Amino acid sequence: MSRSDERAGRWRPRLDRPALVALLLGLAGVGYRLVLTLATVPPSNSDEATFGLIAVHIAQGREFPVFLYGQRYMGVLESYLAAPGIAIAGPSWPVLRLPLLALYALFLWLVHRLTRRIGSPWFATFVVGLLALGSERVVRDQLTVVGGRPEVKVAVLAMLLVAVGLAQGTVHRRRLAVGAFGLLAGLAVWSDWLILPYLAVAGLVLLWVARRELLGWAGLLLVAGFAVGVAPMIRGNLVAPPGEDSLSVFREISTPAGPVPAWPERVRGALLEGVPLAHNLCPIDGCAPWARWFGLLYPVLLVIAAVVALVAYARTAGPGRARRVAPVVHLALVVGAAATLLSYARSPSAATDPLGNARYLSLLQLSLPAVLWPVWLVAVACWRGTVGVLGRLAGAVATAGLAALAAATLVVTVLFAITGTQAGRAEERGARELADAVRDGGPREVYGDYWTCNRLIFNTGEDVVCGVLDDGLTPGQNRYSAYWRQVARAPRPGYVVEAGSALERKLRRLLGDRADAALVVEVGGYRVYHPEQPVRPWR
């Protein structure tokens with residue numbers, strides 16, 4: 001990856017050509033996302049605002065929650081990462097998202113290092129180039145603070161690099177490395193349970209690499225590290241009321257209500273929409289027919305990658321595990337992807353809302369080095385002229401496939417950067433104008449719908465407090481009950497409703513002739529009402 005330059009008695013690391021190209025591609029990817037972060041693209045929402053408000057409370061020393069408010073299974077590590085910046089600069093969307101930008105940069109670096117060690121230098125550069133691009137769906141998963149995926153992807157890559165280093169003898173403090181492996185696994189479990197398939201295969205790789213060492217001090221440090229990482233989740237569950245522990249809540253939300261779509265419908269949604277969306281091949285509103293072919297090919301690529309890994313393992317001889325660790329990691333990544341895809345396809349959401357739920361497949365990016373490795377090998381063999389006529393034909397097809405994948409990803413990214421950001425920026429401007437209007441001249445305690453309230457609170461730095469109502473003007477999903485109680489105590493609360501929404505129609509019917517007199521301002525597609533007499537029909 002680098003060579004030393006000892007001129008003038010100094011040691012200077014010097015990148016080789018593949019690493020230099022990968023560095024430039026990675027910097028381009030980070031710079032692209034930095035511009036989006038500063039512009040708050042993709043736009044914020046109330047789910048993200050909840051994480052932001054938790055970061056505000058942590059920064060102020062008011063609260064130190066383990067789970068997302070109102071959701072006792074999603075860890076809030078991202079809020080803790082953002083809290084120092086918010087303590088210094090105050091609440092804002094760029095400050096909230098900057099830690100995720102740093103995690104993305106770390107993700108690129110780790111995936112490059114891992115791919116070089118289990119693949120080849122130029123293949124690692126190609127993978128970094130693909131991951132440096134970003135459609136709206138992929139960028140949304142990488143930059144919006146909604147929990148879990150950015151940090152757990154980094155954790156898995158670091159864990160696999162520890163296992164590879166142990167196998168190849170490049171890790172000197174082996175016991176501490178194993179302890180760090182356990183710590184990362186524990187933090188990942190606390191943060192997002194969707195990573196469990198990848199944690200399982202990473203654990204199996206570690207067991208294969210160092211099973212004898214794990215019987216001694218290394219095993220104790222592994223357990224201790226895991227216990228430290230998962231300790232917040234354990235503590236949160238110990239104090240949880242009966243039936244509100246993480247497992248019970250997760251089981252409840254995972255149990256479908258109503259009829260479950262048939263397997264073919266769920267598999268279709270997972271493969272034809274979810275997989276292409278997760279791999280940068282589609283705009284957020286759906287996949288074109290040509291992009292869906294990648295989804296159909298994906299299971300085939302997984303099978304081919306598994307076979308290639310098994311053959312490479314069987315053909316690799318020699319003492320120790322250094323030479324065999326690459327196919328083992330390839331196989332682990334293939335199994336992790338297959339298990340993640342199968343788990344997603346079991347969910348009714350794969351059929352009922354494949355576009356909205358494709359974010360749960362963003363973890364498949366971890367397996368990109370393993371999935372594309374056989375295709376790369378065939379293409380390289382063709383370039384080098386080491387195969388016959390059939391091999392050259394296969395190599396030409398493989399080369400065309402890789403080129404098409406890169407070109408399609410680039411086109412979707414450019415289209416989003418040029419035309420896809422305008423609607424999000426307009427929405428964000430409207431939300432900020434609303435916050436300014438309510439803070440400057442409106443009521444400080446208001447009611448609104450879920451997608452308005454916490455976003456409004458964060459945009460005003462808690463100068464305005466909002467209680468959530470549903471469309472029937474009754475209490476809705478109030479994640480942080482203190483806000484609801486504060487608005488409930490207000491003698492004359494206001495109402496912030498989307499213009500023309502069901503909530504506004506219900507409110508105007510209740511206000512009757514007083515509706516127009518109660519209207520304070522209309523801004524950003526919203527209307528602010530401040531009636532003389534409070535309207536609380538649920539009482």
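The axes of helix α4 (residues 93-118) and helix α5 (residues 121-132) cross at roughly 155° and come within 8 Å. This is a predicted model, where local features need pLDDT of at least 70, side-chain atom pairs count only at pLDDT 80 or more, and totals for chains, interfaces and linings use all residues. Residues are numbered from 1 along each chain as its sequence is written, and side-chain values use heavy atoms, with hydrogens and water left out.

Reader: How are α4 and α5 oriented to each other?

Author: Their axes, lines fitted to C-alpha atoms over the stretch in contact, have angles that run from 0 to 180 degrees between N-to-C directions. Here the crossing is at roughly 155°. Angles over 145 degrees count as roughly antiparallel, under 35 as roughly parallel, 65 to 115 as roughly perpendicular and the rest as oblique. So α4 and α5 are roughly antiparallel.

Reader: What sort of pair do the rings of F123 and W376 make?

Author: Rings of Phe, Tyr and Trp (its six-membered ring) pair if their centres lie within 6.5 Å; planes under 30 degrees apart are stacked, over 60 edge-to-face and the rest tilted. The centres of F123 and W376 are 5.4 Å apart and the planes sit at 45°, so the pair is tilted.

Reader: Is F123 buried or exposed?

Author: Buried means under 20% relative accessible area, exposed over 50%, and partly exposed in between (1.4 Å probe, protein chains only). F123 has 0% relative accessibility, so F123 counts as buried.

Key
Helices (H or I, at least four residues) and strands (E, at least two) are DSSP runs, numbered from the N terminus.
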